Amino acid sequence: MSALAIPLAIPLAIDVHGLRKSFGKRDVVTGLDLQVPQGEICGFLGGNGSGKTTTIRMLCGLMKPDAGGGTCLGMDVIKDSADIRLQVGYMTQRFSFYGDLTVKENLEFVARLYQLPDTRAVVRDTLDRMSLADRADQMAQNLSGGWKQRMALAACVMHRPKLLLLDEPTAGVDAKARREFWDLINDMASEGMTVLVSTHYMDEAERCKRVVYLSGGKLIVQGTAEEVVRNAHLVVFELTGAGIDKVSKSLRGAPGVESATIFGQALRVVGLDRPALLTAIEGTEKPDGIAVEEVQARLDDVFIHLLRDQDIV
Amino acid sequence: MTGFSFRRFLAVLWKETLQMRRDPATIALVVTIPLIQLFLFGYALNSNPHHLPTGVLTAEHTRYTRDLEAALINTGYFDLHDFASEKEADDALARGDVLFVMNIPPGFTRDVDAGQQPSILMDADATDPTAIAQATAAVVALNGTALQRDLPIGMQNQPAGSPFQVTLHARYNPSAITALNVVPGLIGVILSFSTLVITALSMTREREAGTMENLLSMPVRPLEVMMGKITPYVGLGYIQVFLVLAVAVSVFGVPVNGSIPLLLAVLGLFIACNLALGFTFSTISRTQMQAQQLAQFALLPSMMLSGFIYPFAGMPLWARTIGEMLPMTHIIRICRAILLKGNGFADIAPDVWPMAVFAVVATAVAILSYRDTLD
């Protein structure tokens with residue numbers, strides 16, 4: 001699958017080529033090219049261990065690439081890593097603020113490290129903007145998951161970075177908090193901030209202007225959600241009616257069938273080869289009254305398809 | 001990015017101080033433990049024990065030997081037990097059943113009367129010199145007075161000398177440390193214990209809590225982190241110094257013959273040595289467990305080879321060479337020199353510069369081993 005070209009006119013917030021990183025004998029990132037235009041929300045997707053976190057760490061200078069290089073906000077990722085840190089906000093996957101400090105104290109500490117003028121005012125504004133004012137004096141360790149993430153995001157954006165790197169910011173957070181979190185991300189993007197956000201949630205991926213998909217430490221797909229779906233050339237049939245659970249069992253593993261999964265009332269049968277898929281469906285014993293209909297592939301179909309490829313490799 | 005920023009240093013300092021104040025364990029470590037150690041070691045090592053079990057070997061029972069035994073008991077230091085044979089007494093001393101054996105030679109009474117100044121042999125178990133030091137001194141003081149009452153008139157108050165001699169035979173450990181040495185030495189030991197261990201944990205705690213990744217992603221320089229983390233503990237170190245000094249002087253009667261400001265200044269250097277070393281351990285360790293192990297690894301030679309427990313002069317050359325490199329060795333000498341001897345800077349300078357070198361080297365190593373990436 002080919003990467004989609006980005007129009008030349010748009011300046012790139014991230015532009016790296018051939019990034020490599022291994023830990024001992026384990027190659028985690030194996031020649032990664034990534035371009036993200038300024039002002040976009042870019043979804044960073046891939047299975048566990050596909051190299052997302054390591055890539056993000058290399059982008060903000062927390063790790064030195066073994067090979068490759070490029071620029072982040074126009075600055076060299078290897079030579080200028082100290083300057084990049086001033087303009088990048090990085091939210092770690094694991095909550096990494098001080099549990100024994102209050103929300104306000106954590107933010108004040110960050111503001112002081114960035115040497116922001118008028119720390120108190122900046123922190124007060126941030127607390128208001130992120131609706132954290134009520135919890136300002138609460139110890140960070142006593143916050144619930146959703147509020148922890150919100151505080152972490154607040155700390156990352158206080159110095160008005162041009163690029164925001166979010167590593168699975170909503171993992172383990174409830175649906176309402178996730179939606180609110182994404183509203184904040186959208187607000188920031190509308191102010192011109194570039195956002196690279198890794199996630200395992202499909203609804204979040206669909207909210208991104210662009211998604212990139214990593215597998216085995218390489219970028220294998222990128223584009224808008226529609227482009228990614230279109231270019232996957234997946235064929236999907238939906239079977240509805242009583243007894244689809246039995247059908248799903250016999251379809252799984254049939255030639256041409258990549259996956260046969262039940263979503264509520266419907267069984268989605270996915271494959272690349274339409275005739276083979278049809279043959280498999282027709283050749284399966286089905287109870288009466290099962291309806292078969294071809295439907296649009298969705299982003300999650302594509303990712304499960306890609307994850308499957310990765311497992312085969 | 002700019003060079004050292006005082007504001008960022010202050011930010012780290014402020015954050016560390018907040019965390020320190022909120023951690024009851026740190027306060028306990030800093031205030032309680034030194035006091036416990038001081039009383040524990042101070043009393044254990046500095047006490048003046050009485051009623052030490054003492055064997056008596058004598059071939060005769062005369063007024064002189066009775067006087068002598070009575071005089072020993074009256075010092076309060078000795079509880080006497082008679083032994084029938086030299087072997088029996090020797091075995092008891094070897095087993096530790098008695099700490100002293102007084103051997104009154106045959107013909108003692110006759111020799112005293114003849115003015116021949118016979119010798120009493122006092123065998124002492126010197127494995128714990130502090131324990132017997134006071135008692136030994138009391139025995140030596142006895143010879144002029146013990147027999148006074150019963151001596152023939154002509155021999156009383158005679159200027160020629162005492163009626164008998166005491167030969168002290170310190171067994172098992174001929175060198176002896178005096179009790180006052182211990183408490184000044186303790187100042188160094190107590191400071192090392194707390195400062196080294198606490199700083200050793202400072203960076204590893206960030207690493208284990210995951211806050212390290214966040215700290216590294218922000219524009220803060222190694223020196224700012226290090227100074228900011230260390231400074232609050234310098235303050236804590238001084239609180240300990242005051243506590244320990246106050247107790248040393250008021251409870252243990254350690255004299256202050258020298259300059260306290262000079263002592264405080266030099267102790268500051270010693271604290272810096274420990275903090276830099278602790279910070280180095282902290283940067284090279286992956287876990288708090290490792291850091292703690294390293295700190296303990298450094299503390300043991302500091303206790304053993306610094307002259308705190310064993311006399312420095314009695315160690316072989318290689319051990320003394322290692323000892324000379326340890327800040328503990330020098331601070332113990334300095335504390336003893338300033339407090340007990342009243343020495344000034346000129347006298348202690350030979351012990352100050354090795355600590356200064358250690359502090360500079362340890363700081364350099366700490367900064368060089370601080371990685372500002374996660375690699």
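Which domains does the domain assignment give for chain A? Chain A has domain 1 (12-229) and domain 2 (235-296), with bounds taken from an automatic or database domain assignment.

## Model and numbering

This is a predicted model, in which local features need pLDDT of at least 70 and side-chain atom pairs count only at pLDDT 80 or more, while totals for chains, interfaces and linings use all residues. Residues are numbered from 1 along each chain as its sequence is written, and chains are lettered from A and ligands numbered from 1 in the order in which they are written.

## Chain A

The centres of domain 1 and domain 2 of chain A, taken over C-alpha atoms, are separated by 39 Å.

The average pLDDT (the predictor's confidence in each residue, from 0 to 100) of chain A is 89, and 96% of the residues score at least 70. Helices (H or I, at least four residues) and strands (E, at least two) are DSSP runs, numbered from the N terminus.

## Contact between the chains

Chain A contributes 24 residues to the contact and chain B 21 residues; two residues are in contact if their C-beta atoms, placed from the backbone, lie within 7 Å. On the side of chain A that touches chain B, helix H2 (81-87) and H3 of chain A each supply at least two residues. H3(A) gives the most, with five residues.

By class, this side of chain A has 13 nonpolar, three polar and eight charged residues. Ala, Val, Leu, Ile, Met, Phe, Trp, Tyr, Cys and Pro count as nonpolar, Asp, Glu, Lys and Arg as charged, and the others, Gly among them, as polar.

## Chain B

Chain B has 14 helices and five strands. Its domains are domain 1 (6-45 + 179-369) and domain 2 (52-171), with C-alpha centres 47 Å apart. Of the 375 residues in chain B, 40% are buried (20 or more other C-beta atoms within 10 Å of the residue's own, with C-beta atoms placed from the backbone).

## Helices H10 and H13 of chain B

Helix H10 (residues 260-284) and helix H13 (residues 327-341) of chain B pack at an angle of about 170°, with their axes 11 Å apart. Axes are lines fitted to C-alpha atoms, for helices over the stretch in contact, and angles run from 0 to 180 degrees between N-to-C directions. H10(B) and H13(B) are therefore roughly antiparallel, a term for angles over 145 degrees.

From H10(B), Leu262(B), Leu263(B), Val266(B), Phe270(B) and Cys273(B) meet Pro327(B), Ile331(B), Ile334(B) and Ile338(B) of H13(B). This contact has nine nonpolar residues, no polar and no charged ones.

Key
Angles under 35 degrees count as roughly parallel, over 145 as roughly antiparallel, 65 to 115 as roughly perpendicular and the rest as oblique. A residue is buried if 20 or more other C-beta atoms lie within 10 Å of its own, exposed if 12 or fewer, and partly exposed in between; C-beta atoms are placed from the backbone.
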